[in-house]
Amino acid sequence: MIPSVNPSGSDTRGLLYYLYDTGKYEDHTDPHLVASFDGMSPDPGRNSTLTDLQRLLDQPMMALPKHARPAKHVWHTSVRADPGDRILSDEEWGEIARRIVAATGIDPGGGQPGCRWAAVRHADDHIHIVATLVTEDGHRPDDFRSGARAQAEARLIEKELGLHQVAPGDGTAAQRPTSAERHKAERQDRERTAREELRETVRRAVAGAGSDEEFFDRLAAAGLLIRKRAAPSGDLLGYKVALPGDLNKDGEPVFYPGARLAPDLSLPRIRERWSGDAGPGTTSRQEETVRTGPGMPASARRGTASAAWQAVLVVEHGDDAVAAAHIAAAGEVLDALAKTSAAHTRRELRDAATAFERASRSHVRAVRGHDRALRQAARDLVHAGPALGRGEDGATTAMAIDMLFFLITAAAHWHARKGHAQQAEAAARAAEHLRTACQTASAQPLGVLYQRGRRLSRPMLQRQTVLLREALPQLAEQILAEPGWYALAATIADAEAVGHDPAALLSAAVGRRELDTAESVSDVLVWRMRRTADLPADASPLSESGTAGVQSAPRRRATQASAPGRRRNGEETSGKTR
């Protein structure tokens with residue numbers, strides 16, 4: 001159950017008109033009162049007029065001298081049930097309204113003077129409470145932090161009525177769209193509100209950005225209207241953004257400051273991200289173009305998989321501030337991957353990034369700089385451009401998503417250990433979207449590997465079965481029973497062909513990370529081994545030896561030279577990497 005206290009207004013009748021209007025809004029059916037301050041207020045939905053109710057509610061305010069009347073005197077909150085909850089009766093909604101106004105100080109009861117209020121129900125799943133912010137004795141009510149107080153009361157109501165229990169928040173969530181913003185989006189036939197569209201666009205512009213200039217260039221390229229706020233000295237202090245078609249009643253664009261989109265999207269908080277980028281290992285623009293220029297999305301995705309893989313260890317075992325930085329940077333990677341993904345995975349990746357947005361912030365303040373590899377991965381994804389849904393692009397996308405799934409799962413566990421209920425829930429939702437996206441992206445490349453595995457000779461399959469049982473005795477029978485075993489067998493053959501010890505790769509892949517959340521252990525091991533052994537993710541083109549895209553003898557020697565104990569680009573490349 002979500003109470004949403006809106007900013008105070010000045011037009012009681014206008015709000016009542018909206019609540020009782022059934023002509024413009026399809027979800028407004030049979031609007032009527034379920035409760036009021038005196039239990040017998042006139043109901044415009046039954047036997048009275050809007051003016052009658054408005055005059056009754058405003059009476060204490062109108063009794064004040066004009067100079068003493070508050071300019072913003074209308075208090076308004078909606079209280080919405082979870083979609084999975086049962087339909088509540090009018091009596092239950094009425095009692096909920098009485099508890100909310102008491103908890104928020106609007107009508108505290110117990111002999112204390114309260115405000116006049118009315119609760120309107122015009123849909124099955126929610127009510128609206130309207131109150132005048134003047135008590136019967138002419139004073140301002142004690143409604144300080146009424147939103148937080150309403151939320152606390154809602155948690156108690158959920159338990160008592162057996163409703164879905166919403167995870168408690170910690171004040172770091174992005175502001176929800178107001179009811180006015182939601183209805184405006186419905187009128188304009190938009191899937192999301194302007195606030196939500198702007199939040200996603202700004203987050204994508206931030207992903208991997210390295211300077212104010214680059215950030216604002218990306219916002220402009222996305223088609224947003226931008227207003228910058230500068231000090232008298234000319235120093236940039238902040239910014240606002242608007243959608244070109246989102247206008248107010250005067251025909252002017254509706255601008256949102258970054259901090260009103262999300263706490264970490266204010267300009268000072270954004271600058272913290274790239275202030276930590278300077279240091280050893282930072283990639284210059286020229287180096288970046290060479291490594292991940294147009295036409296190289298596969299390289300960027302492979303780099304993303306490596307960065308995500310290393311970040312799992314940090315989130316699981318690092319200091320809290322460093323782990324928080326990696327979790328925040330993981331959000332940038334998800335935004336960048338969603339922005340550059342192929343059509344068949346785009347929706348799930350976008351939903352994953354949207355869900356994880358809530359998990360990217362907590363009261364644990366991130367120490368930037370340690371997350372440089374993940375931020376570079378996000379930058380590489382953006383600069384490499386859109387990926388194809390097939391070939392090496394598609395296969396490395398599956399590899400990256402697989403690694404990100406375990407990183408986001410680790411983030412969910414980290415938040416749960418810290419008692420961050422909303423963030424843990426959001427990360428878990430994001431992980432499920434990633435699981436679905438991975439299954440979609442993996443279908444073709446794993447299918448090719450499966451067919452190659454089925455064509456391996458019986459002696460080779462028998463030898464690999466023995467190797468698997470020796471390397472992974474506790475998991476071997478489960479893996480052998482999975483359809484993905486043949487894809488893993490083909491990967492083992494490829495690893496052997498380039499000089500790796502597959503038993504060491506298997507042991508390292510299992511020993512360094514958990515597999516409890518994997519639906520198919522064999523599928524996970526395929527991507528872990530192919531990344532560690534630097535094998536092509538796409539196994540479609542067959543070589544003369546029957547292995548797919550494996551390295552030649554000179555390449556094999558280079559791989560052996562970087563095997564156990566050696567590092568390349570700051571990362572282990574041996575079978576002990578995972």
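This is a predicted model: local features need pLDDT of at least 70, side-chain atom pairs count only at pLDDT 80 or more; totals for chains, interfaces and linings use all residues.
Residues are numbered from 1 along each chain as its sequence is written. Local features need pLDDT of at least 70 and side-chain atom pairs count only at pLDDT 80 or more, while totals for chains, interfaces and linings use all residues; side-chain values use heavy atoms, with hydrogens and water left out.

Biologist: How many helices and strands are in the chain?

Modeller: Helices (H or I, at least four residues) and strands (E, at least two) are DSSP runs, numbered from the N terminus. On that basis the chain has 22 helices and 10 strands.

Biologist: What percentage of the residues of the chain count as buried?

Modeller: Buried means under 20% relative accessible area, exposed over 50%, and partly exposed in between (1.4 Å probe, protein chains only). The accessible surface of the chain is about 25500 Å², with 51% of it belonging to carbon and sulfur atoms; such areas come from the Shrake-Rupley method with a 1.4 Å probe, and for residues only the protein chains shown count as cover. Of the 578 residues, the buried share is 53%.

Biologist: What share of the contacts with a separation of 6 or more comes from residues 24 or more positions apart?

Modeller: A contact means heavy atoms within 4.5 Å. Among contacts in the chain with a separation of 6 or more, the share from residues 24 or more positions apart is 73%.

Biologist: Which residues is threonine 396 in contact with, leaving aside its neighbours within four places in sequence?

Modeller: Threonine 396 lies in helix α15. Its relative accessible area is 0%, so threonine 396 is buried. Its contacts beyond those neighbours are Ala298, Arg301, Arg302 and Ala537.

Biologist: What separates the C-alpha atoms of leucine 198 and leucine 224?

Modeller: Leucine 198 is in helix α6 (residues 194-206) and is buried, with a relative accessible area of 0%. Not counting residues up to four places away in sequence, leucine 198 touches Leu224, Val241, Ala242, Leu243, Tyr256 and Leu261. Leucine 224 is 26 residues from leucine 198 along the chain, and the C-alpha separation is 8.2 Å.

Biologist: Which residue meets arginine 99 in a salt bridge?

Modeller: A salt bridge is a side-chain nitrogen of Lys or Arg within 4 Å of a carboxyl oxygen of Asp or Glu. The N to O distance for arginine 99 and its partner is 2.6 Å. The pair links helix α3 (residues 90-103) to helix α4 (residues 146-161), 61 residues apart, and the partner in α4 is glutamate 160.

Biologist: Are aspartate 246 and lysine 184 buried or exposed?

Modeller: Their side chains meet in a salt bridge at 2.7 Å, N to O. Aspartate 246 is in the loop between β7 (236-242) and β8 (256-257), and lysine 184 is in helix α5 (residues 179-187), 62 residues apart. Both residues are buried.

Biologist: Which residue in β4 is the bridge partner of alanine 35?

Modeller: In strand β2 (residues 32-36), 5 of the 5 residues are buried. Strand β2 is joined to strand β4 (residues 115-123) by 4 bridges, and the two run antiparallel; strands pair if DSSP finds at least two bridges between them. The partner of alanine 35 is alanine 119.

Biologist: Which residue in the hairpin of β6 and β7 takes a positive phi?

Modeller: Strand β6 (residues 225-230) and β7 pair in the antiparallel sense over 6 bridges. Alanine 230 stands opposite leucine 236 in β7. The hairpin has 5 residues between the strands, and the residue with a positive phi near 100° is glycine 234.
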